[in-house]
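Okay, thanks for coming, everyone. Let me put the model up and then walk you through a few things.

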Amino acid sequence: MRAATPRLTDGTTKPPTESTVAIAAPGRRIRPHARPGRSRRRVAATTLHIVLIVAGIAMVYPFVWMIVTAFKGLPQLLNDPLSFWPSPWAPQNFIDAWNDAPFGQAYVNSIYIAILVVIGTLITASMAGYAFARIKFRGSRAMFVMFLATQMIPMQVTLIPFYLLMAKLGWVDSHLSLIIPAALANPFAVFLMRQFVLSLPKELEEAALVDGAGRWRIFWSIVLPNLRPGLGALSIIVALGTWNNFLLPLVMLNSQNLFTVPLLLQSFQGQFGSINYGLIMAASAVATIPMLIAFVIGQRQILNSMAASGLGGR
Amino acid sequence: MTAPSVSVTDSPAVGMPSPGAPRAEAAWRRRDRRWGYVFVAPQMIGMALFVLVPFIAAVVLAFAQWDGLTPLTWIGFDNFRTELTDPLFGRALINTMLIALITVPIGLGLAVVIAVALERLKTRTLYLALFFAPVITSSIAVAMIWQQLFRKDGVLSHAIATIFHVPAPDWLGDPHLALLAVCIVTIWSSLGLNVVIFLAGLQNISPSVIEAARIDGAGAIALFFRVRLPLLSPVLFFSSIIAFISSLQTFDIVFVLVANAGPDNATRTIVYHIYDLGFGKTQFGVASAASILLLILTLVITAIQFGFQKRFVHYEDAAA
């Protein structure tokens, strides 16, 4: 929020006019044609900042509220529910939340599931993407069309037979049901990797082919290293999707020590009702804040991957 | 989808010895073809086993009565008849469509406005982070936070009561407001993703197009409606399809935010209905029929959107 406030005063008192910008930034061309009046643009700039600041506050308010509420004790919640700041600040909720449910275990579960799904998806999807982009084999087109078609089937449609299949395999109440299918059946990942392979110059592989290198060698030592940006984007998308998945863990897992973070959070709420919502908010904070910190650290990569996936899907 | 690109193997490998070359090449191609199958095998097997087989099973189950214990009996279209006349499925269908019809236009509209506003800023990192934070957060945490924000004795209700001089609204207890609450949370939590995608789309518009329109005397409003929006329309189109499909799958938020199906089933969605039938009541057949109906709905809506595409989506290179 720090940078937002000076920007408001910027916008209201001294908007950067087109001419000052043009002088300040030498690369920018000064436009010769008529421009709308100074005051009109000032209004526009102010409106823009007001819209953004209001929207920004609306976006961040629930998180701020979560954190301050997590520090409120039960007496304050009951007697003065409208107060914003905790008085006194009581970290007890965090201690209780951590002790009442195995959040540490849930983090370990979520992290290692996400890592295995990401590694599995990266390997299998880049292999398939490479084959569809570069290798000529009978039926490749039909198979690729089938991949695109299966992408249309929402996972919710196949949920019940999928559950029955997992039961047959003995993977219910086991992390295998969350890892193996996710790593082996991801048509979007195959599609994305194919697009990334297509964007690589073929000359990269040509010399190696001429020298008689096999496909595996070429894939492993030439294609894969050059796919690094694509692999990075894919790992972020897959990790986020796996981490936040709820329906599948809800259906598959019964034992609390196997729960992922969202599932444990939900069961925690079910257990503790809604009287002491300071405790519920502390649990939410425990489940949320490490992710938000990770996001702040990797913000650029995460946003770029999301933009690439949204546009790359075309 | 373009035709499979010409692979490197199309030109006879340059380094191959000339005598007996065709033979060596044919052998190489045979081996290469085998590599193709090896490379796609993991994902092909995974797709077949974990998507296609369950899908076929869902279709089959939709025509049967089965609780997982007693033998399966064939009942033809009865499950579909049951579902199509079940008031609960009707509620779920209406609720799901309402959520889609409210959240998609408002969510995408807000995202376009914010993306256009952000594009004009030189430093937008902080704003982007604010908008994107809910996307990162698990939908369960999101629903839990908002559940408390919507409390009757909470700040939000109090503010509305004071400003509009009405009794404090009971968001999650009132059937109409509960669905609205689901929509608000859905829009809030998905806004950032659309903003990021639209921002990328806006930045892909070549500055010369904007410049040319400016020279022709276009103002900010005309630039937006005549240049930016049409050039953004392919991105908007695909985002709207994805947003629509994902709002048809609303589950997490209704499951947590409004304690299952909400007051008087006011927030029962199709996926919640499927979950309830399948895992709550172990009516696998009826649940599968509801799943198939969800798939049909998804396909029909996507087809309608593709129909609209012809009229509203402009591709930059198509005009050239």
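Let's start with the buried residues of α13(A): G230(A), L231(A), A233(A), L234(A), S235(A), I237(A), V238(A), L240(A), T242(A), W243(A) and N244(A). Buried here means under 20% relative accessible area, with exposed over 50% and partly exposed in between, using a 1.4 Å probe and protein chains only. That helix covers residues 228–244 of chain A, 17 residues in total, and spans 24 Å from first C-alpha to last, close to the 24 Å expected at 1.5 Å a residue. The expected span is 1.5 Å times one less than the number of residues.

Quick housekeeping: this is a predicted model, so local features need pLDDT of at least 70 and side-chain atom pairs 80 or more, while totals for chains, interfaces and linings use all residues. Residues count from 1 along each chain as written, chains are lettered from A and ligands numbered from 1 in written order, and side-chain values use heavy atoms, without hydrogens or water.

Now, chain B. How many helices and strands does chain B have? There are 12 helices and two strands, taken as DSSP runs numbered from the N terminus (helices H or I, at least four residues; strands E, at least two). In sequence order, chain B runs α-β-β-α-α-α-α-α-α-α-α-α-α-α. Its C-alpha atoms fill a box of roughly 90 × 75 × 35 Å along the principal axes. And of the 320 residues in chain B, 51% are buried.
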